[in-house]
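Please consult the sequence and the coordinates alongside the text.

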Amino acid sequence: MQAFYSPTRIIAGDGAVAGAAGLIQKFGKTALLVTGKASARVSGALDDVIRVLKANGQDYALFDRVGPNPSVETVFAGAAFSIEHKCDFCIGIGGGSPLDAAKAIAAFAAETPKKEDVFLHIPKIALRLVAIPTTAGTGSEVTQYAILTNDQEETKTSIASDALFPALALLDPRYTVGLSVETTVNTAIDALSHAAEGMLSVKAGEITDALAIDALGLISSRFSALRAGEFTEDDRRALLLAACLAGQVIANTGTTAVHALGYSLTYDRHIDHGRANGLVMGAFLRAVEAKSKRSVARILRAMRLKSTEDFCVLLEDLFGKVSLTDGEVSKYARKAAKTKNMKNLIVSLNEEELSGILTASRAGGAYGKVW
Ligand code: NAP
Ligand code: FE
């Protein structure tokens, strides 16, 4: 038996925002626009959205204070802003950070939890949401997750609820053209990790596998572009589509050890999300391969790679290694072992094995010697 749920209407292609004007008109009277500092403007997405809203006769209020790895404070400020401006729907524009913040804001504007309950509270209602990605990685535009910085637990924690699925995702690859090489690579590898982790989840099925294999194929066809740091319009289109497919995968499978370990690298060491995943994913795949060779072989085949060694070389070319003290290795492994992400993985990896993955990922570590 398998279950698959993906309720977001997707419109993809050049001019997606203008093309969705009629749909947007039905969302409400006043839009809350949630963005980061620059991406929504630089990409041209904000202008396109405002043009549509004006033509539709809809009002808007702009909350452009979302930084990377959004905090609980930012989300509460956004919810208060939304209530103050009487917004009745929400449009998130940007990378995963503004999109995740938009989801949490849309929920907290509809029903505000106590601050101390943020990570316990499961939102039941939210303002209707439109998601417009300007990075090609998180797939947040089609997931029910809003990932926020959790200072109490010193990590990043996901709020998950069907109420957080955007009703509409508008994917215009032109918005990703201005992305730096670094963010393009980081986010592409985040999408890759979603697809690969999704295939190694106990919740995977034929539907998620089909999407994941397609996403891995699209991204791997761009490995040389990622290595060279040069991207054509077609590369941008392929990466944005792959990220969206991989987002639909994790909406159904969840993520596993790569994300569980990566969150500590981001929280403690301020390493970007996709890069954090990329730094540990090679050693992770080796660790899983030692327990389930067939599962990893399917992932390698989808990426048209011969071996995990080739995969490790690719990731090391893109990201290098991470410097970690012994103390950091044990702290991050301990934290990851306790996450619910680990329960999704088809093989069990204990704290010692998670330490092994981190040790193999750090500068001076050696792939293959740990296991
Ligand atoms: P991000 O934090 O949203 O953005 C990274 C940087 O790229 C920011 O400085 C941003 O600028 C800039 N940027 C974005 N789009 C741009 C564009 N088109 N042109 C120029 N600059 C641009 O990065 P992200 O990797 O997309 O998102 C990471 C977050 O998503 C993490 O918090 C992660 O935990 C979360 N995530 C969520 C899911 C999910 O299912 N919800 C899945 C995976 C990851 P601005 O500051 O102007 O925005
Ligand atoms: Fe991710």
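Q: Does Glu154 count as buried, exposed or partly exposed?
A: The model is a predicted one. Glu154 lies in the loop between E6 and E7, and its backbone has a positive phi of about 50° although the residue is not a glycine. Buried requires under 20% relative accessible area and exposed over 50%. At 36% relative accessibility, Glu154 therefore counts as partly exposed.

Q: What is the phi of His270, which is not a glycine?
A: Most residues other than glycine have a negative phi. His270 is placed in the loop between helix H11 (257–269) and helix H12 (273–289), and it is exposed, with a relative accessible area of 67%. Its phi is positive, at about 55°.

Q: Which geometry, stacked or edge-to-face, describes the rings of Tyr5 and Phe165?
A: The structure holds four aromatic pairs. In one of them, the rings of Tyr5 and Phe165 have their centres 5.4 Å apart and their planes at 85°. Planes over 60 degrees apart count as edge-to-face, so the pair of Tyr5 and Phe165 is edge-to-face.

Q: How many residues apart in sequence are the parts that the pair of Tyr5 and Phe165 ties together?
A: Tyr5 is partly exposed, with a relative accessible area of 44%, while Phe165 is buried at 8%. Tyr5 lies in the segment before strand E1 (9–12), and Phe165 in the loop between strand E7 (155–160) and strand E8 (168–171). The pair therefore ties together parts whose separation in sequence is 160 residues.

Q: What is the angle between the planes of Phe27 and Phe89?
A: Phe27 counts as buried at 10% relative accessibility, and Phe89 counts as buried at 0%. Phe27 lies in the loop between helix H2 (21–25) and strand E2 (30–35), whereas Phe89 lies in strand E4 (residues 89–94), 62 residues apart. Their aromatic pair is tilted, with 5.9 Å centre to centre and an angle between the planes of 50°.

Q: Which residue has its charged end over the ring of Phe27?
A: The ring of Phe76 has the charged end of Lys115 over it, 5.3 Å from its centre. Over the ring of Phe27, at 4.3 Å from its centre, sits the charged end of Arg128.

Q: Which element gives the largest share of the shell around ligand 1?
A: Of the 29 residues around ligand 1, Ala38, Ser39, Ser97, Thr135 and Lys156 come nearest. The shell divides into seven nonpolar, 17 polar and five charged residues. Its largest share, five residues, comes from H6.

Q: At what distance does the side chain of Ser43 reach the backbone oxygen of Ser39?
A: Ser43 is placed in the loop between helix H3 (39–42) and helix H4 (45–56), where the residue is buried, with a relative accessible area of 16%. A polar atom of its side chain lies 3.2 Å from the backbone oxygen of Ala40. The side chain of Ser43 reaches the backbone oxygen of Ser39 at 2.7 Å.

Notes
Residues numbered from 1 in each chain as written. Chains lettered and ligands numbered in written order. Predicted model: local features only at pLDDT ≥ 70, side-chain atom pairs only at ≥ 80, totals over all residues. Heavy atoms only, no water. Phe/Tyr/Trp six-rings, centres within 6.5 Å; stacked < 30°, edge-to-face > 60°. Helix = DSSP H or I, 4+ residues; strand = E, 2+ residues; numbered from the N terminus. Buried < 20%, exposed > 50% of the residue type's maximum accessible area, 1.4 Å probe, protein only. Lys NZ or Arg CZ within 6 Å of the ring centre and 35° of its normal. Near = heavy atom within 4 Å. Nonpolar A, V, L, I, M, F, W, Y, C, P; charged D, E, K, R; others polar. Polar contact = N/O pair within 3.5 Å; in protein donor to acceptor, adjacent residues only side chain to side chain.
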